[in-house]
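Me: I would like to learn how to read helices, sheets and cores in a model. Please take me through one case.

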Amino acid sequence: MLLRSLAFLTLFLASASLAQEAQEAREPEEDCQVATDAPEGLRRLVAAYPDVLCGATATELLWKDGTRMPYETRDRTTPMDEEDRLNSADLRDQMEQPYPAGKDAPPPQWGEDPGRYRCEAFFTKLYGDTQQTVAKNTIKTKWLDQKNIRFSALHTASDHLEAIKAELKRLPPKLRKIAEPTSGTFVWRKVKGKKTAKGNSTQRLSAHSYAVAIDIAVPHSDFWGWVKPDKEGRYPYKNRIPFEIVEIFEKHCFIWGGRWAHFDTMHFEYRPELLPQCL
Ligand SMILES: [Zn+2]
């Protein structure tokens, strides 16, 4: 009798733990939703990448695979140098500055760099954390100048690039000519900064590493790293890219480096979370 009870108890405990395991595995799917107190930034991320994200709490982003990613990873009460903040950006940094799309948006004020803050843990999970994994998910296509380029096929990024190409082709010849040359899309590299004795590379991965950025129109482009800073260390804003080109990219969920105080006007990048019409 005692033996039989023990056997029953063991069986009971084993099935209870199995049930618990099953519940843990199911949890991400079942409980995954956007909580009423979830921050706006997390809501926009869930709306922008619905294939992999399923919810948010007041403090975390919830992935369909069960991963929980913190909205904030550092204390906000102590001020941080801009370069350090760019190098260690969390999701809050990434989502905090509003991106001002449209013809009437004024040039960026010093300190405004919307979209330049990228949470590396988020992007490497979205697109891959090595050159090989990112490359596996790219497609090969041709830009307007017939140059072969690679772009990520994940999260509908390359579909949007194709829509942009089709619209750029319909621009009047003068404008089309400006958008025609590309100087590249997918390159596994760090962000370029000011030239120093140690070179001109920063510590953080460029959006080009994730195969979601394209540089075009270099002869008509301006980059903060090419100009002299003023007495306060700020870079006088410059842009020669016609708005008709920018407008097409923004319509299809790409942000433009010309919206940054650290301007990079050749640079366009697929970032649906920053454009309201893409959510
Ligand atoms: Zn670029």
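Predicted model: local features only at pLDDT ≥ 70, side-chain atom pairs only at ≥ 80, totals over all residues.

Reply: Residues are numbered from 1 along each chain as its sequence is written.

Me: How many helices and strands are in the chain?

Reply: Helices (H or I, at least four residues) and strands (E, at least two) are DSSP runs, numbered from the N terminus. The chain has 9 helices and 11 strands.

Me: What percentage of the residues in the chain is buried?

Reply: A residue is buried if 20 or more other C-beta atoms lie within 10 Å of its own, exposed if 12 or fewer, and partly exposed in between, with C-beta atoms placed from the backbone. Of the 279 residues in the chain, 34% are buried.

Me: In what order do the strands of the open sheet lie?

Reply: Strands of a sheet pair through backbone hydrogen bonds, either parallel or antiparallel. Two strands count as paired if DSSP finds at least two bridges between them. Here 3 strands make an open sheet in the order 1-2-3, with antiparallel pairing. Strand 1 (53-56) and strand 3 (68-70) are at the edges with a single partner strand each, so one side of each has no neighbour in the sheet. From one strand to the next, the twist averages 25°; angles run from 0 to 180 degrees between N-to-C directions, and axes are lines fitted to C-alpha atoms, for helices over the stretch in contact.

Me: Which residues are bridge partners in these strands?

Reply: Strand 1 is joined to strand 2 by 3 bridges, and L53 has W63 in strand 2 as its bridge partner. These two strands form a hairpin with 3 residues between them. Strand 2 (residues 60-63) also pairs with strand 3 over 3 bridges; there E60 is the bridge partner of P70, and L61 stands opposite M69. The hairpin of strand 2 and strand 3 has 4 residues between the strands, and G66 in the turn has a positive phi of about 100°.

Me: Which residues touch the most other members of the largest nonpolar core?

Reply: A nonpolar core is a set of buried Ala, Val, Leu, Ile, Met, Phe, Trp, Tyr and Cys residues joined through C-beta atoms within 7 Å. The largest one has 54 residues, and L53, L61 and V212 touch the most other members. Two residues are in contact if their C-beta atoms, placed from the backbone, lie within 7 Å. Apart from neighbours within four places in sequence, the contacts of L53 include L45, V46 and L62. Helix 2 (residues 40-48) lies across strand 1 and strand 2, at about 165° to strand 1.

Me: Which residues of helix 7 are buried, and which are exposed?

Reply: An α-helix has 3.6 residues a turn, so residues three or four places apart point the same way. In helix 7, A157, S158, H160, L161, I164 and L168 are buried. They lie on the same side of helix 7, because they cover an arc of only 155° around the axis, taken from the directions from the helix axis to the C-beta atoms. E162, A166 and K169, on the other side, are exposed.

Me: What do the buried residues of helix 9 pack against?

Reply: I245, V246, I248, F249 and E250 are buried in helix 9. The buried residues of helix 9 pack against helix 7, helix 8, strand 10 and strand 11. Just after helix 9, C253 has a positive phi of about 75°.
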